[in-house]
Amino acid sequence: MSQHPSAVVLPIDGSEGALRAVEAAGVLAQQFGVELQLVYVFSHEAVDSFGLNALGQTGKSADFIDPDMLAQIQEEKATAVFRQAEARLEDISGLAVVEVTLKGDPATQLLDYLAQQASPWVVMGRQGKSTLKEIFIGSVSQKLIHRAGCPVTLIN
């Protein structure tokens, strides 16, 4: 990369892997003098967290949920994730932090978001879990590494 990044983008979901990347992303953003963009994607699969699969419903067919209630749940989850990250950034002075919430498939939404940025640098935590789903479909981090078109740094 021949130029400085326009922003450091930190996809964050509240997992321990994502939270491990917060300080590294913050320090990088501070050193380049750019904003740190915390990006949370409320996945369609997140609807499973509310027990809809136990009712025989999936995220796409769970249209009976009140949209206002779902929006409130999405906002509360995003806010909680952002507060966790910001707590780990308290010691980094002069850091501009932007919070972005997206909805849908995490890899697709993040790739679309990155394509709209001038020259982002992605810093993200690696889950380290090797499930069958990741083996056959690929993890979000793997998809970003292969398709983002910008630097992607993984933090273990």
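Student: What are helices and strands here, and how are they numbered?
Tutor: Helices (H or I, at least four residues) and strands (E, at least two) are DSSP runs, and they are numbered from the N terminus. The structure itself is a predicted model.

Student: OK, so where is the place of S43?
Tutor: S43 sits in the loop that connects β2 (35-42) with α3 (67-87).

Student: Is S43 buried or exposed?
Tutor: S43 counts as buried because its relative accessible area is 14%, and the cut-off for buried is under 20%.

Student: And what is S43 in contact with?
Tutor: If neighbours within four places in sequence are left aside, S43 makes contact with G104 and P106.

Student: Switching to confidence: what pLDDT does the chain average?
Tutor: The average is a pLDDT of 83, and 77% of the residues score at least 70.

Student: Which elements have the lowest and the highest mean pLDDT?
Tutor: The lowest mean, 48, belongs to helix α5 (residues 132-137), whereas strand β1 (residues 7-11) has the highest, at 97.

Student: In what order do the strands form the sheet?
Tutor: Five strands make up an open sheet, in the order β3-β2-β1-β4-β5, with parallel pairing. At the edges are β3 (97-103) and β5 (152-155), each of which pairs on one side only, and the twist from one strand to the next averages 25°.

Student: Over how many bridges do β1 and β4 pair?
Tutor: There are three bridges between β1 and β4, in the parallel sense, and A7 stands opposite P120 in β4.

Student: Which strands does α3 lie across?
Tutor: Helix α3 lies across β2 and β3, and it runs at about 140° to β2.

Student: Now α2: which residues are buried there?
Tutor: The buried residues in α2 are V22, A25, G26, L28 and A29. Viewed down the axis of α2, these buried residues fall within an arc of 165°, so they line one face of the helix.

Student: Why would residues three or four places apart point the same way?
Tutor: They do so because an α-helix has 3.6 residues a turn.

Student: What covers the buried residues of α2, and what does the face turned away carry?
Tutor: The cover includes β1, α1 (16-20), β2, α3 and β4, while the face of α2 turned away from its buried side carries the exposed residues E23 and Q31. Just after α2, G33 takes a positive phi of about 70°.

Student: How many aromatic pairs does the structure hold?
Tutor: It holds two aromatic pairs. One of them is formed by F32 and W121, and this pair is tilted, with 5.7 Å centre to centre and 45° between the planes.

Student: Which parts does the pair of F32 and W121 tie together?
Tutor: F32 lies in helix α2 (residues 22-32) and W121 in strand β4 (residues 120-125), so the pair ties together parts that are 89 residues apart in sequence. F32 is partly exposed, with a relative accessible area of 26%.

Student: Last one, L144: where is it found, and is it buried or exposed?
Tutor: L144 belongs to helix α6 (residues 140-147), and this residue is buried, its relative accessible area being 0%.

Student: And what is L144 in contact with?
Tutor: Beyond its neighbours within four places in sequence, L144 is in contact with P11, A107, L110, L111, L114, V122, M124 and V152. L144 and L111 are 33 residues apart in sequence, and their C-alpha to C-alpha distance is 6.8 Å.

Conventions. Residues are numbered from 1 along each chain as its sequence is written. This is a predicted model: local features need pLDDT of at least 70, side-chain atom pairs count only at pLDDT 80 or more; totals for chains, interfaces and linings use all residues. Side-chain values use heavy atoms; hydrogens and water are left out. Rings of Phe, Tyr and Trp (its six-membered ring) pair if their centres lie within 6.5 Å; planes under 30 degrees apart count as stacked, over 60 as edge-to-face and the rest as tilted. Buried means under 20% relative accessible area, exposed over 50%, partly exposed in between (1.4 Å probe, protein chains only). Contact means heavy atoms within 4.5 Å. pLDDT is the predictor's confidence in each residue, from 0 to 100. The arc is that of the directions from the helix axis to the C-beta atoms. Two strands pair if DSSP finds at least two bridges between them. Axes are lines fitted to C-alpha atoms, for helices over the stretch in contact, and angles run from 0 to 180 degrees between N-to-C directions.
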